[in-house]
Amino acid sequence: MVISLGSSRRRKRGEVLFRFDSFCQPGYPAQLAGAFRDNVRTLLGLAHLEAGAPGETRCWSFQLELHRHPPTVVRLFVVEEEVATSPHRQCHLCRVVGWGRHLICSKRFHFVLPKRESSVETDGLCYGITGHGGGGTDKASKGTATSRGHLLHGIVHLNGYGHLVGIHGFEGGSDFVSGHQIMDLWDRICSALHVRYICICDVAIANLNLSRRIYMLHERQSDEFSRVHSPFCVARKVSLVDTARKGHMVLRLLHGVAYGDTWFGRWGYRYGRPSYGVALQAYQQSLHALQSVPLCVLLPHLNCFTQDLPMLVTKYQAISGHKLLNLGDLLRFMLDLRTRLPATSVTAMDYRGIMSDASCRWSAKRVDMAARAVVDALRRSSSDARWVTRQEVRDAARAYIGDTGLLDFVLKSLGNHIVGNYVVRRAMNPVTKVLEYCLEDVSSVLPTAPPGAGVATPGQGKMRVRFHLTRAQLMRDLVHLYRQVLKEPSQALTTGAFGAIPVAVRMVLDIKHFVKDYHEGIMATTNNAGIGHVYVSLCCTLVVRNGGPELVPPYETVTVPAHATVGELKWEVQRLFRDMYLALRTFTAESVLGIGAGQDASTVLGLIGIGSTVVVQGVVDEEQQHQAEEGDLKKEAPAICEGSGDVGERVVDCVCGADDDDGERMACCDICEAWQHTRCAGVADAEDVPHVFLCSRCDNDVVSFPALSC
């Protein structure tokens, strides 16, 4: 779907400019202390209306400032989609994540950060979701493909459920914003808009240049526990399908082995739901097995087949300031080292190497003392990282080193050498033609040498390279290690005790659903909205007497004045559920369970205790529903839930143990009509599903039939 912005792109003077890094932090740009349906209205009240009128598809935008010098501004668009008129009434993303029984909301809000704003002005803003699941046999339609052209595309239903359709960093076409920054922005938006009566501040690997397509779901309660949990517990679960990659490396595998968690774990995401029948315990055991592969056993085993990997491991073992015991330690050290490496390459030798020079006639102790005196002089003279002339350095060091011959030797020899936590740089000033020195702090790049490490002998100095590594070299080594050990293990790692590595890798890659749980709740039911105005917040649900088994409304928080009557509470509950869910547009509240019919004029606080759950009973207008259905007999009755219909009635019975649609590709058996993963049936993902498909059980039954004798 596309919305045309037309001439609305002409900006008015004085349009508000918001800071990108702090947008939707607590209190900025506004205090958001209600439910999502209220918070989003408050936030959009500060935005610029791009297109649309009330009752139509409307679009707003926020100008987000990345940098002031040079001025860099990106635009965040918010589109309000009317679900009743949408070509995709149901959300297949809810079904894939496992929430197909949720009622269809009346509105969806699309948060879009376009890749090229100029293309938005020309072609319009693309948004929307497709009607096909991620694991179906149908190809993605244009609605999904357009999401790949945005830096950010997130969808939030009116009741607070949301999906992160995709984010793209530098490698995905972003010019100014990294995937880490975009994920931070989305997380702040979700935290700010979904809190209920409390301000939750949720705060990523910087510049990982992510390009991914992921889904995310916000849920307030599970279908099984919604009637058991405290009604004022507003813990929300945020789930996503993680397919993030860095080049050819799958991040959930790389970071899982290195840190024991997915890349999204830094935001609090954990194992969400199984895929291919892999339970939580099997997933955790697989990660632990891969992390715990001992290097002392792995290296001798690989040394018989190749020399590349042992040399690679030995190099980083030498660079590290501590012992790397297993594969998890090695990958974690390499990833941490990458984040600390400077943008430009740094090549330096240990300064003790100058002791091996033939012209050195001083002891190692005296050379060490002179080198440290030079560094101290540079630290005092170049606190602002400026270059200092040789004469200035020599004069400052002369206060501690009386031997001018030793001092001249050290100054002549030091150049791109590491002394302590600093690299001593030396260069000729192109203007004055004078030799100058400067210090570069590398303390955050590599750990210092372990205590007790002796001074290198003169014969070892030139061979002892303390740091000679670039970020590009590290990434090449990381990709090589990932490919040879995890992605495409050689024959050496598929036999014997190492045969468990491919199995564990497969289980880790099968898990894509991760969940973040917000453990925040409302401890009080009253709040002040101004002097003399006290409101009470009640958790309410409905019982629809003439509704079908699918019509099970969830809990919603309703806010009414403290002096409100029971009748006013019923009217507010009726209005809220009518506005929020399509299936309840004709709902009429009749009574509150536990309160007599003649007490509509009584105040709520006098009859309902603090912390109690309010259940309102009523009916939906069947006559209006029948009229809508009789308007076109050829059309089926509109769906009530996100997963209702033929898709929601699927029977999943796979040999891997899966009994629900997990978003992976499935096919229906032509005999028993049960759905099974195509991969579990021996059909590769790159292959088409055969015209006649039999599940494993029916296939075995057919093979076991006795042969017909003619």
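User: Which term applies to both Glu81 and Arg108, buried or exposed?

Analyst: Both Glu81 and Arg108 are buried in this predicted model. Buried means that the relative accessible area is under 20%.

User: What makes the pairing of Glu81 and Arg108 a salt bridge?

Analyst: The side chains of Glu81 and Arg108 meet with an N to O distance of 3.2 Å. The cut-off is a nitrogen of Lys or Arg within 4 Å of a carboxyl oxygen of Asp or Glu, so this pair qualifies. Glu81 belongs to strand β5 (residues 72–82) and Arg108 to strand β6 (residues 107–114), so the bridge ties together parts that are 27 residues apart in sequence.

User: How many salt bridges does a search of the whole structure find?

Analyst: The search finds 23 salt bridges.

User: How do you know that Arg95 and Asp661 form a salt bridge, and why are the two residues called buried?

Analyst: The closest N and O atoms of Arg95 and Asp661 are 2.3 Å apart. That value is within 4 Å, so the pair counts as a salt bridge. Arg95 has a relative accessibility of 12% and therefore counts as buried. Asp661 has a relative accessible area of 10%, so Asp661 is buried too. The limit in each case is under 20%.

User: What makes Arg366 and Asp403 a salt bridge, and which parts of the chain does the pair link?

Analyst: Their side chains meet at 3.1 Å, N to O, and the cut-off is within 4 Å, so the contact qualifies. The pair links distant parts of the chain: Arg366 is in helix α11 (residues 364–381), while Asp403 is in the loop between α12 and α13, 37 residues apart.

User: Why are Arg366 and Asp403 called partly exposed?

Analyst: Arg366 has a relative accessible area of 38%, and Asp403 has a relative accessibility of 24%. Buried requires under 20% and exposed over 50%, so values in between are called partly exposed. Apart from that pair, salt bridges that share partners join Arg41, Arg58, Glu80, Glu82 and Lys107 into one network.

User: Which residues make the contact of α12 with α13, and how do they divide by class?

Analyst: Arg390, Val393, Arg394 and Ala397 in α12 meet Thr404, Leu407, Asp408 and Leu411 in α13. By class, the contact of α12 with α13 has four nonpolar, one polar and three charged residues.

User: Where is Tyr400, and why is Tyr400 called exposed?

Analyst: Tyr400 is placed in the loop between α12 and α13. Its relative accessible area is 55%, and exposed means over 50%, so Tyr400 is exposed. The C-alpha atoms of Tyr400 and Ala370, 30 residues apart along the chain, are separated by 8.2 Å.

User: Why are α6 and α7 described as roughly perpendicular to each other?

Analyst: Helix α6 (residues 251–259) and helix α7 (residues 280–291) pack at an angle of about 70°, with their axes 8 Å apart. The range for roughly perpendicular is 65 to 115 degrees, so α6 and α7 receive that description. Their crossing is right-handed. The contact is made by Leu253, Gly256, Val257, Ala258 and Tyr259 of α6 and by Leu287, Leu290 and Gln291 of α7. These residues divide into six nonpolar, two polar and no charged.

User: What is phi of Glu673, and why is Glu673 called exposed?

Analyst: Phi of Glu673 is near 65°, a positive value in a residue other than glycine. Glu673 is found in the loop between β28 (666–668) and β29 (675–677). Its relative accessible area of 57% is over 50%, so Glu673 is exposed.

Key:
Residues numbered from 1 in each chain as written. Predicted model: local features only at pLDDT ≥ 70, side-chain atom pairs only at ≥ 80, totals over all residues. Heavy atoms only, no water. Contact = heavy atoms within 4.5 Å. Helix = DSSP H or I, 4+ residues; strand = E, 2+ residues; numbered from the N terminus. Nonpolar A, V, L, I, M, F, W, Y, C, P; charged D, E, K, R; others polar. Buried < 20%, exposed > 50% of the residue type's maximum accessible area, 1.4 Å probe, protein only. Axes fitted to C-alpha atoms, helices over the stretch in contact; angles between N-to-C directions. Parallel < 35°, antiparallel > 145°, perpendicular 65-115°, else oblique. Left-handed = near helix turned anticlockwise from the far one by under 90°.
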